[in-house]
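Please examine the sequence and the 3D structure shown below.

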Amino acid sequence: MIRLVLREPLPVPLEAEVLSPDVMATLAHDAIRALPVFLGKHRRRVDDCFRVEGEKSDEVTIEGDASRVKWIGRGMSRGRLTIAGNAGMHLGAYMSGGAIEVSGDTGDWLGAEMSGGLIRVRGNAGGQVGAAYRGSPKGMTDGTIVIDGTAGLEVGMRMKRGTIAVGGQVRDFAGLQMLGGTIVLRAGAELRTGAWMMRGTIVSLEPIPMLPTFAPAAEYNPTFMRLVARHLSRLGHRVPAAEAEGAYLRYTGDAAVPGKGEILVWRPR
Amino acid sequence: MLRITGGTIYDPANGVDGVVRDVCIAAGKVVADVEGGRTIDATGTIVLPGGVDVHTHVAGGALNFARGLMPEKQRVARKFLRTADRRGGLGGLTPTTFATGYLYAGMGWTTVNEAAVPVLSAKHTHEELRDTPIVDKSCLLLLANNEILLDLLEAGEVERARDVVGWLLWAAKVYGVKAVNPGGVAAWKWGKNASVMHEPVEGYEKLTPAMIVSGLARLVDELGLPHPMHLHCNNLGNPGNVATTIETMQALEGRRAHLAHLQFHAYGGENWSTMRSGAAEIVEAFERHPNLTADAGAVLFGDAVTVTADGPWQHMLHQLTGHKWGNLDVENETGCGIVPYVYRDRHVVNAVQWAVGLELLLLTKDPWRMFLTTDHPNGGGFWRYPEIIQLLMDAEFRRAQVRRLPEAAQSRIVLGEIDREYSVYEVAIITAAGPARALGLTRKGHLGVGADADVAIYPSKPDADGRLFTYPRYVVKGGEIVVEEGEIRQVVDGREYVVRPAFDAAIEEYLRPVFQKLYTISFDNYAVEPERVRDAEIRDLPEPS
């Protein structure tokens, strides 16, 4: 195992895409300590900012308040990254495999454009979770992001496939321009959920304000919700699917695009 | 002073085909002999005049709009890090200004012609060209949809139109005239296009695209511009547009013109499902019109971004592809559209487009009339020219590529049946000597005594990918060695070519009130100040004939 402990709070953001199992798995202790990071515009070594223990492992642990450390786990494809504390923006962006676990909060662009793997956040996340970067045609294309707390704006913006589950409330524009995949909102959302969505599924366990361009279509218990529920229950998030408990009211939209997406709102019995 | 010794020289303008001899350089020019100075041992290399790009888009408002529209491409573009003598920048499909200069020079190209500038954004264009190092530059003014000019052509006021064109050319500090989809961009402002040559343009009673083409070509000739009218024909990109292109050739009535990116104007068939190559018909008509030159506008599979003043076509392309679309209205002068595009080898239409560009280059017998371009960045980045040259020089390689295309595409092209292989001599014509001659740049594109000392020296053996011309061993620009062992070693500034036509200065009295009524800026702020163009080489033109 490789253990990195932040020496002191960072005065400015640190860009550190080298903090990833892919980079460190084959490196000896000295090589890990010498990896380059950018503190503001200045190039630094990893051990200028972190105390480093261990070598040659694809289990990496980061301790301390890393809320100003950006790009942790960028493009990672393997291994396990554990963050005991907070993480900064772009955590797990472009990742294709492996798992990230965060005990605290994360910044914006969590898992942006990821194509596989698992991100688990115990605290709150920022905006643009699993989203497409500005200009890109699509956001996350596979994988799972599970957030116990709240999340910010544009959760799952232009996502194409994969699953995002959020325990707390999310802010405006969840599923903006969504192209596919599933977003589960256990505590509902603020405004304009599903705006411009083309396809995909947004599930809300609480009533949410609905755009006028979404039309109610049916009340039912879709079979696939059982699969979603089973998948998420393994990750500690309970989602009801049984008929005995209630049913989902299905809205289709966004007719403004026009899209064939759906928003399922849970109605307990 | 510099002597390049031992290399095999290809200098088509002077009839030199693979002769081992020295090239001597002094004071930035090729000279007969030098004493002393540095010697480059070019043994085992091929020596060509520096490349001349007759049609490219590297500066100005449209390019900047494309850069802004595609942040996702900028993120993955090749990075140019700042060094002691080089500025930082990004490569990719719309390279930043400094990177553009490094990329062209790094490939052995030393002169570029920016093919589309409206007067309204000419200041911006010149500022970007000023920041495009190493290469020499010229640019062309968009005129075929300038409404002040079209009104005069409609009214038959030819002499006044000629003075207006002369005034506008000098106001923009440009080198020549570009016509994009004549009448079509003006019609686009009414939501229409002009794809029929002999129907009046929307908003006009009599004026047809054919009249604009012939009228403007006449004005260009009368003003004595060194480069003929540079024409982007009507009906670009549509199946069956061969007919429009041939009508355009006829409408020119024997006047000089350069047909830009002919590949996009050489499609047969009636619709997208029957679209096929029309290259053979186009070449046949082209060869009957010795007044014309053309560039291929070839496409390569992969990413591109379409950047053109042809607004209506860009809207059509956006609807066809669903890709994002940007549209600019340039007041009374022109328009502009941007649509990112990917040419896919599994896509029948794209495969036909790919073949048409190569067919045009291979079927045209006289290389002095058909030049190598990709209409950068429309058909692919200019830095991919060596890939096209490889396809032209190796028939076996080319056939192997054709066999990989979808069968439906193979039956709509003739590329697989063409055996012609370009020689290095012919490559030197389509990349340097020919374009320089068409542009009227007498000191470019050759290595005779008195020529600008722009020389590209390449290894004589292809690289690991089978390509010549990707990494020149040396590039000399204006007598300075800018590339050495494949690396940029020295950065020099390029000059800009500008013409000053002779026109009646009293034309300002006519233009000023029209302009003040129609434009959003003041007439006095319109023209580009001469000092804004760095190292301008101004050519004064004689009184109109």
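This is a predicted model: local features need pLDDT of at least 70, side-chain atom pairs count only at pLDDT 80 or more; totals for chains, interfaces and linings use all residues.

Residues are numbered from 1 along each chain as its sequence is written, and chains are lettered from A and ligands numbered from 1 in the order in which they are written.

Chain A contains four helices and 17 strands; helices (H or I, at least four residues) and strands (E, at least two) are DSSP runs, numbered from the N terminus. The C-alpha trace of chain A spans about 60 × 35 × 25 Å along its principal axes.

Of the 269 residues in chain A, 49% are buried. A residue is buried if 20 or more other C-beta atoms, placed from the backbone, lie within 10 Å of its own, exposed if 12 or fewer, and partly exposed in between. A244(A) counts as exposed because it has 7 C-beta neighbours inside 10 Å. A244(A) belongs to the loop between helix 4 (224-233) and strand 16 (246-253) of chain A. Its C-alpha atom is separated by 7.4 Å from that of R269(A), 25 residues apart along the chain.

In chain B, three strands form an open sheet with the order 19-21-20 and antiparallel pairing. Strand 19 (302-308) and strand 20 (326-330) of chain B stand at the edges with a single partner strand each, so one side of each has no neighbour in the sheet. Two strands pair if DSSP finds at least two bridges between them. Five bridges join strand 20 to strand 21 (residues 334-343) of chain B, and V330(B) stands opposite T334(B) in strand 21.

Two helices of chain B lie across strand 19, strand 20 and strand 21. Axes are lines fitted to C-alpha atoms, for helices over the stretch in contact, and angles run from 0 to 180 degrees between N-to-C directions.

| Helix of chain B | Angle to strand 21 of chain B |
|---|---|
| Helix 1 (residues 61-69) | about 45° |
| Helix 11 (residues 311-321) | about 30° |

Between the chains, four residues of chain B are in contact with four residues of chain A, contact meaning that the C-beta atoms, placed from the backbone, lie within 7 Å.
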